[in-house]
Amino acid sequence: MPIQNSETGDADVMKDDAAARSAMPARRGGLKGWLDGVRSTRAGALTLKIVVGVIGALVVAGGLIMVPFPGPGWLVVFAGLAVLATEFHWAHKVLEFGKQTLHAWTQWYKRQGWTVRILVLLVTVAAAAVIVYFGMRTLGVDLLEIAQRFVQR
């Protein structure tokens, strides 16, 4: 039996009894329950949309900046879309399209022979090398010049 609040009398007990008899499902717990609580007010829902939109946009932008460089650029883009998809239907649709496209590419790649797989690997490595070279050039480092000095020694 729950402890009664002296200020509310039997109201706490009556509320708990009514909740136990209710046909409505119990409120979700954890993060989803907290988000439901935030969304239950107009101001909370708008604030949540703004916060999720800003965070998701920053993550997607960071991922897009990382895409040309070796590393997890596309993974970060998908993570940002997943954040946006918690509040925006369009982001959910874009995320689903991306997952379907990635799955189709993976299935196509698995069906290919070793010749195509090696060719895709070589093109990927060449593209990454070009991206790294020009990325370093923008920072004022010429990797070819460094390699030539190293070989001439």
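Trainee: What does the accessible surface of the protein chain come to, and what percentage of it belongs to carbon and sulfur atoms?

Mentor: This is a predicted model, and its surface is a computed value. The accessible surface of the protein chain comes to about 12000 Å². The part that belongs to carbon and sulfur atoms is 70%.

Trainee: How many helices and strands are there in the protein chain, and what pattern does it follow?

Mentor: The protein chain has seven helices and zero strands.

Trainee: What percentage of the residues in the protein chain is buried?

Mentor: A residue counts as buried when its relative accessible area is under 20%. Of the 153 residues in the protein chain, the buried ones make up 15%.

Trainee: Among contacts between residues at least 6 apart in sequence, what percentage joins residues at least 24 apart?

Mentor: Contact here means heavy atoms within 4.5 Å. Among the contacts of the protein chain between residues at least 6 apart, the share that joins residues at least 24 apart is 29%.

Trainee: How do the axes of α2 and α3 lie to each other: parallel, antiparallel, perpendicular or oblique?

Mentor: Helix α2 covers residues 30-39 and helix α3 covers residues 42-66. Their axes are 6 Å apart, and the helices pack at an angle of about 120°. Angles from 65 to 115 degrees count as roughly perpendicular and those over 145 as roughly antiparallel, so α2 and α3 are oblique.

Trainee: Which residues make the contact of α2 with α3, and how do they divide by class?

Mentor: From α2 come Leu35, Val38 and Arg39, while α3 supplies Gly44, Ala45 and Leu48.

Trainee: Is glutamate 87 buried or exposed?

Mentor: Glutamate 87 sits in the loop between α4 (73-85) and α5. Setting aside residues up to four places away in sequence, glutamate 87 touches Arg39, Leu48, Lys49 and Val52. Its relative accessibility is 13%, so glutamate 87 counts as buried.

Trainee: Which backbone atom does the side chain of lysine 49 reach at 2.8 Å?

Mentor: Lysine 49 belongs to helix α3 and, at 34% relative accessibility, counts as partly exposed. Apart from neighbours within four places in sequence, lysine 49 is in contact with Glu87 and Phe88. At 2.8 Å, the side chain of lysine 49 reaches the backbone oxygen of glutamate 87.

Trainee: How far apart in space are lysine 49 and arginine 39, C-alpha to C-alpha?

Mentor: Lysine 49 lies in helix α3, and arginine 39 is one of the residues of α2 in the contact with α3. The two are 10 residues apart in sequence. From C-alpha to C-alpha, lysine 49 and arginine 39 are apart in space by 9.3 Å.

Trainee: Which residues meet where α5 and α6 are in contact, and how many of them are nonpolar?

Mentor: In α5 the residues are Trp105, Trp108, Tyr109 and Lys110, and they meet Val116, Arg117 and Val120 in α6. By class, the contact has no polar and two charged residues, and its nonpolar residues number five.

Trainee: Is lysine 99 buried, exposed or partly exposed?

Mentor: Lysine 99 is found in helix α5. Lysine 99 is 21 residues from phenylalanine 78 in sequence and 8.7 Å from it in space, C-alpha to C-alpha. With a relative accessible area of 44%, lysine 99 is partly exposed.

Trainee: Which residue caps the N-terminal end of α7?

Mentor: Helix α7 (residues 143-152) has zero buried residues among its 10, so it lies largely in the open. A side-chain oxygen lies 3.2 Å from the backbone nitrogen of leucine 144. The capping residue that carries this oxygen is aspartate 142.

Notes: Residues are numbered from 1 along each chain as its sequence is written. This is a predicted model: local features need pLDDT of at least 70, side-chain atom pairs count only at pLDDT 80 or more; totals for chains, interfaces and linings use all residues. Side-chain values use heavy atoms; hydrogens and water are left out. Helices (H or I, at least four residues) and strands (E, at least two) are DSSP runs, numbered from the N terminus. Buried means under 20% relative accessible area, exposed over 50%, partly exposed in between (1.4 Å probe, protein chains only). Accessible areas come from the Shrake-Rupley method with a 1.4 Å probe; for residues, only the protein chains shown count as cover. A polar contact is a pair of N or O atoms within 3.5 Å; within protein, one must be able to donate a hydrogen and the other to accept it, and residues adjacent in sequence count only if both atoms are side-chain atoms. Ala, Val, Leu, Ile, Met, Phe, Trp, Tyr, Cys and Pro count as nonpolar, Asp, Glu, Lys and Arg as charged, and the others, Gly among them, as polar. Axes are lines fitted to C-alpha atoms, for helices over the stretch in contact, and angles run from 0 to 180 degrees between N-to-C directions. Angles under 35 degrees count as roughly parallel, over 145 as roughly antiparallel, 65 to 115 as roughly perpendicular and the rest as oblique.
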